[in-house]
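Welcome to my notebook. I opened a new structure today and wrote down what I looked up, one entry at a time.

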Amino acid sequence: MLAIRYALTYPDAVSRLVLINPLGLNDTLAEGAPYADVGKLRAEEARADAASIKAYELKNYYHGEWRPAYDRWVDMLAGEYQTTAA
């Protein structure tokens, strides 16, 4: 996907791109999806915490009906977003 993104972003720098079995890859920009700046997306992810993840999942996956059993999935995802200072 990185190679495709590069080719789409810098078409003059790429003369050929060979893809083998690129199942599921499509040019979302050509389909009308707006460009998403990677830095902006990363900043949004950096703000994610357990509360925001739970609110998102409650709305989009569980239709407003939360069960304590779902907390483990929120905790797992929130842990993936945590960073440590080096």
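**Entry 1: the second largest pocket**

I sorted the lining of the second largest pocket by class and got six nonpolar, one polar and three charged residues. My classes put Ala, Val, Leu, Ile, Met, Phe, Trp, Tyr, Cys and Pro under nonpolar, Asp, Glu, Lys and Arg under charged, and the others, Gly among them, under polar. A note before I go on: this is a predicted model, where local features need pLDDT of at least 70 and side-chain atom pairs count only at pLDDT 80 or more, while totals for chains, interfaces and linings use all residues. Residues are numbered from 1 along each chain as its sequence is written, and side-chain values use heavy atoms, leaving out hydrogens and water.

Which residues line the second largest pocket? I listed Leu41, Glu44, Glu45, Arg47, Ala48, Ser52, Ile53, Tyr56, Leu77 and Tyr81. Helix H2 (38-46), helix H3 (50-60) and helix H4 (71-81) each give at least two residues to this lining. Helices here are DSSP runs (H or I, at least four residues), numbered from the N terminus. The space in this pocket is about 190 Å³. By pocket I mean an open set of points on a 1 Å grid over the protein atoms alone, where a 1.4 Å probe fits, with protein on both sides within 12 Å along at least five of seven lines; lining residues have an atom within 4 Å of a point. The volume is the space filled by probe spheres set on the points.

**Entry 2: the largest pocket**

Next I looked at the largest pocket, with about 290 Å³ of space. I found 15 residues in its lining, and Met1, Arg5, Leu8, Asn26 and Thr28 lie nearest the centre. Ten of the lining residues are nonpolar, three polar and two charged.

**Entry 3: H3 against H4**

I checked how H3 and H4 meet: their axes (lines fitted to C-alpha atoms over the stretch in contact) come within 9 Å and cross at roughly 130°. That angle makes H3 oblique to H4, as oblique covers what is left after under 35 degrees (roughly parallel), over 145 (roughly antiparallel) and 65 to 115 (roughly perpendicular).

I found His63 in the loop between H3 and H4. Its phi is near 50°, a positive value in a residue other than glycine. Is His63 buried or exposed? His63 is exposed, because its relative accessible area is 66% and exposed means over 50%, buried under 20%, and partly exposed in between (1.4 Å probe, protein chains only).

Tyr35 sits in the loop between helix H1 (2-9) and H2, and is exposed at 52%. Ala36 also lies in the loop between H1 and H2, but is partly exposed at 33%.

Definitions and conventions
Axes fitted to C-alpha atoms, helices over the stretch in contact; angles between N-to-C directions.
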